[in-house]
Amino acid sequence: MKLTDSKLIAADRDTVWQALLSADVLKDCVPGCQEMSGSPEEGFEATVVQKVGPVKATFKGAVTLSDMVVGESLTLTGEGKGGAAGFAKGGANVTLSDEEGGTLLAYEVEAKVGGKLAQLGSRIIDGFAKKMADQFFETFRSVVEGPTEEVENDDGAEEGEKKKGWLGRLVSG
Amino acid sequence: MPKDSGIGASSKRREDVRFLTGTGQYTDDINIHGQTYVYFLRSDVAHGKINNIDTSAAAAMPGVVRIFTGADFEGIGSIPCGWQVTDRHGEPMQEPAHPVLAQGKVRHVGDPIAAVVAESLEQARDAAEAIDLDIEELPAVVDMKAALSDGATKVHDDLSSNLCYDWGFVEENKGAVDEAIKNAAHVTTLELVNNRLVANPMEPRVAVGDYNRANDESTLFTTSQNPHVIRLLMGAFVLGIPEHKLRVVAPDVGGGFGTKIFHYAEEAFCTFAARQINRPVKWTASRSEAFMSDAHGRDHVTKIELALDADNNFTAVRTETYANMGAYLSTFAPSVPTWLHGTLMAGNYKTPLIYVNVKAVFTNTVPVDAYRGAGRPEATYQLERVIDKAARELGVDPIALRRQNFITEFPYATPVAVEYDTGNYPATMDKLEEIADLSGFDARRKASEAKGKLRGLGVNCYIEACGIAPSNLVGQLGARAGLYDAATVRVNATGTISVMVGAHSHGQGHETAFPQVVAEMLGIDENMIDIVHGDSSKIPFGMGTYGSRSIAVCGSAMVRATEKIINKAKKIASHLLEASEADIELKDGQFSVAGTDKSVAWGDVTLAAYVPHNYPLEDIEPGLEETAFYDPSNFTYPSGAYACEVEVDPETGKVTIERFAAADDFGNVINPMIVTGQVHGGIGQGIGQALLENCAYDENGQLLSASYMDYAMPRASDVPFYTVDHSCQTPCTHNPLGVKGCGEAGAIGSPPSVVNAVVDALQSGGHNVTHIDMPVSPSRVWAAMNNA
């Protein structure tokens, strides 16, 4: 499946670009991510727990960044193996452009699943992938922007703590 | 007056007592002391190169006995294919190796890569998760036509292409058929898909391998329709175990529908591994595994052309079919789109010229093989759909067009190499018109329309070739086995009888119907007779049950063996009665001397055979046991006419089956109730194919329909009450019972009438829809109605 969407982020392009390259930001943004380590150059290693329809599994996989044009575009590619649950692969082409009020982050996402995930979850995988992408970029936006009134998080205080904003945390050390 | 026993009686199915009370003994009920469990790690990519399999961490997991990979099967045979098709250029089909566990490459989702044998299934499954697989995913071929294009990825690198064979039949007729189509007054063309199905027997496949080191004997308990065939294929071709050291047992089996004919890797694995570790090894498929490892059915893409002259006589049929073989050749896969399909393309009609072209294609999908009907549903569907389309194009009544072209003289040699011995197609059509109340259809359509529904009527005929088959003929056609069957009638001292039959009963009711035949011949109570089946150590030999062959072939062997029993018993009776053997008559279990009141009872004769104090020992041996092998001289040709009435909801496209009638000619019928049940089940599966079932792959070869959430099996609410009749009986001329077989008819005869009815309903609503592919789902109907 393929889907495209965009988000307006109230931050300048350089800030958004730096955030895209951060393992910490990615960890915060990938839904269900338990661990994320690595660097943009070497690629990231991730552990993600997700439930797709009837299948719940821990996916271990790698995320690589490629086709990087500094400040403009990059491709995120991930592949996760969930053991008996099968596998999920996905990619996102991300482009940044200046827009009034900040930076427009446009993305094209492609997702594939295999094994038990495909056998049991294929009917719901499109919706699932859309939800994952929406969550990822929405969280990304709020992490980059820091907390605002309109993204009040209803997950409670722990999440709110994180919502200091990526830049704010960088600055505050 | 219906009979209450013997041939023609609706004796109650005696096996149902144990099935319905939970006392059946299925393969999964077999547990042997010291048993281990195997879990197969299967590929979750459709096509890939195996770079490495690291089992070291998994091997150290708790309870693991041993882990096997493809490397353990170096030098072990390939899972064999039982039928070699010769292509239209005289070349043998391409036949790839089929290893027990993948070697080098995986070729479909579900291809077994490694097998973990452990003390418990849970431990085996946990350890399988710890196997470190390095598989490089390769592009997959899924679409058959794309698989044949230049530069397509090859499923098997050592083959020249993904084409298994390009078969032409009858090749010599090709020019004449092309000419007839060119010169026809009218040609109707139809392109269609015969959807891929998964058989889904209620009981998944199970195998238990056992090895007795003391006498070097292996035993395989397996969910098979033909244990002797498995013994032959696995013993001789895969594992190299001689017959006398290999016993194959298929106990109670919960449905087969074709998919349990074939020899599967898991059977060979359990037998092999039990010898290696010297402990029993058990495998029970999960339903998910069944979806990705049981051979699938159908999956043809066909273009058919029907040529007619100016008087609407059929002059020629030409077809071009792509048949999916999947990633490997399953046991009888090559025969299904060819000899079980091309030979049926005459249908019930005297079309003089027929040419069938079939391209069998390898793809990165589960292997495809016989499923209830096997080739004959594919033939019937395309022929009966194109005839219906022709009738619409010509503006003639579809029943009248069929009647006009019926074969009416028998025996009839078709232009596709078979000879129908008997049949009466106008009679079954007459019967259908009566039982389906076709004259009342217009009123029912008006009633449906008053409710805002569209109502359609679809009719079709079918012919099938059953009772598979004359061995000398199938040998010429490429079968690597004979297709006779065998029975031993063992009469005990007190007159009770065990009949060891080569046919296997997995729902057919043999345990009831077979004794009815012997009881009729001997004039004794059916309950004195049991059949024994499904164990290679107990029965003489058997080619098993498929192709509606059990009563026609194995039943005939049983008749021949019983005739031998009668002949010997008459000799004994003549001695006891001090009369000439020629004067001895057997009636109602009494041997009597013709024209006298002297008689001796069945039980006295059988006792004399085993206590031969007063016995003609100089002429005959003691004992009363006879064996017969029967090889038929022709196929049998059941036929019939089916009618389906549907309602279509124009708002949603949902189709409901309102009425279904089947008029079949099965020749003589042993047990009408069982035959009715077989027809019901077959129609249920045919309706499933027509409306609901579809095995779906995505473009990467991922299997998308592998659970009952995604694969729609027909349920009770999806089918109507059927009206079934089998009173039109033209007995088979060449077997002793005059029977034709009924197991597959319903599944063969029903899909075209359903689709014909849906098209009729849509046309009645003013929608110019000429075809919808199966399954005729609400979304497809709605799209067709709305040109979407």
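Two residues are taken to be in contact if their C-beta atoms, placed from the backbone, lie within 7 Å. The model shown in these views is predicted.

**View 1. Chain A, its elements and its contacts along the sequence.** With the contact criterion above, residues 24 or more positions apart account for 49% of the contacts in chain A that have a separation of 6 or more. The chain has five helices and seven strands, and these follow one another along the sequence in the pattern β-α-α-β-β-β-β-β-β-α-α-α. Of the 173 residues of chain A, 36% count as buried.

View 2. Although A:Asp67 is not a glycine, its phi is positive, at about 50°. The residue belongs to strand E4 of chain A, which covers residues 55-69. With 11 other C-beta atoms within 10 Å, A:Asp67 is exposed, since 12 or fewer such atoms is the limit for that class.

**View 3. The contact between chain A and chain B.** Chain B contributes 13 residues to this contact, and chain A contributes 13 residues. Sorted by class, the side of chain B that touches chain A holds five nonpolar, four polar and four charged residues.

**View 4. Chain B as a whole.** The secondary structure of chain B comes to 20 helices and 28 strands. Its radius of gyration is 27 Å, close to the 28 Å that the globule rule gives for 788 residues, and chain B is therefore as compact as a globular protein of that length. Taken along the principal axes, the box that the C-alpha atoms of chain B fill is roughly 85 × 75 × 50 Å. Of the 788 residues, 56% count as buried, and among the contacts of chain B with a separation of 6 or more, 80% come from residues 24 or more positions apart.

**View 5. The domains of chain B, and the contact between domain 1 and domain 2.** Chain B is divided into domain 1 (16-22 + 484-630), domain 2 (31-138 + 205-284) and domain 3 (300-468 + 634-785). Taken over C-alpha atoms, the centres of domain 1 and domain 2 of chain B are separated by 39 Å. The contact between these two domains takes 14 residues from domain 1 of chain B and 18 residues from domain 2 of chain B. On the side of domain 1 that touches domain 2, the classes are three nonpolar, ten polar and one charged residues.

**View 6. Helix H15 of chain B, its span, its bend and the residue after it.** Helix H15 of chain B runs over residues 550-577, and at 1.5 Å a residue its 28 residues should span 40 Å; the end C-alpha atoms lie 38 Å apart, which agrees with that expectation. At B:Ser556 the helix H15(B) bends by about 25°. The residue that follows H15(B) is B:Glu578, whose phi is positive, near 55°.

View 7. B:His108 is found in the loop between strand E4 (105-106) and strand E5 (112-118) of chain B. With 27 other C-beta atoms within 10 Å, B:His108 is buried, the limit for that class being 20 or more. When its neighbours within four places in sequence are left aside, B:His108 is in contact with B:Ala46, B:Gly326, B:Ala327, B:Asn364, B:Thr365, B:Val366 and B:Gly701.

**View 8. B:Pro411 and B:Ala417, two loop residues on either side of strand E16.** A cis peptide bond joins B:Phe410 and B:Pro411, with omega about -5°. B:Pro411 is found in the loop between helix H10 (398-405) and strand E16 (412-413) of chain B. B:Ala417 is found in the loop between E16 and strand E17 (419-420) of chain B. Phi of B:Ala417 is near 75°, a positive value in a residue other than glycine, and with 15 other C-beta atoms within 10 Å this alanine is partly exposed.

**View 9. The cis peptide bond at B:Pro775.** B:Met774 and B:Pro775 are joined by a cis peptide bond whose omega is about -5°. The loop that holds B:Pro775 is the one between helix H19 (751-764) and helix H20 (778-785) of chain B.

Methods:
Residues numbered from 1 in each chain as written. Chains lettered and ligands numbered in written order. Predicted model: local features only at pLDDT ≥ 70, side-chain atom pairs only at ≥ 80, totals over all residues. Nonpolar A, V, L, I, M, F, W, Y, C, P; charged D, E, K, R; others polar. Domains from an automatic or database assignment. Helix = DSSP H or I, 4+ residues; strand = E, 2+ residues; numbered from the N terminus. Expected span 1.5 Å × (residues − 1). Bend = angle between axes of the 7 residues up to and from the residue. Rg over C-alpha atoms; globule rule 2.2 N^0.38 Å.
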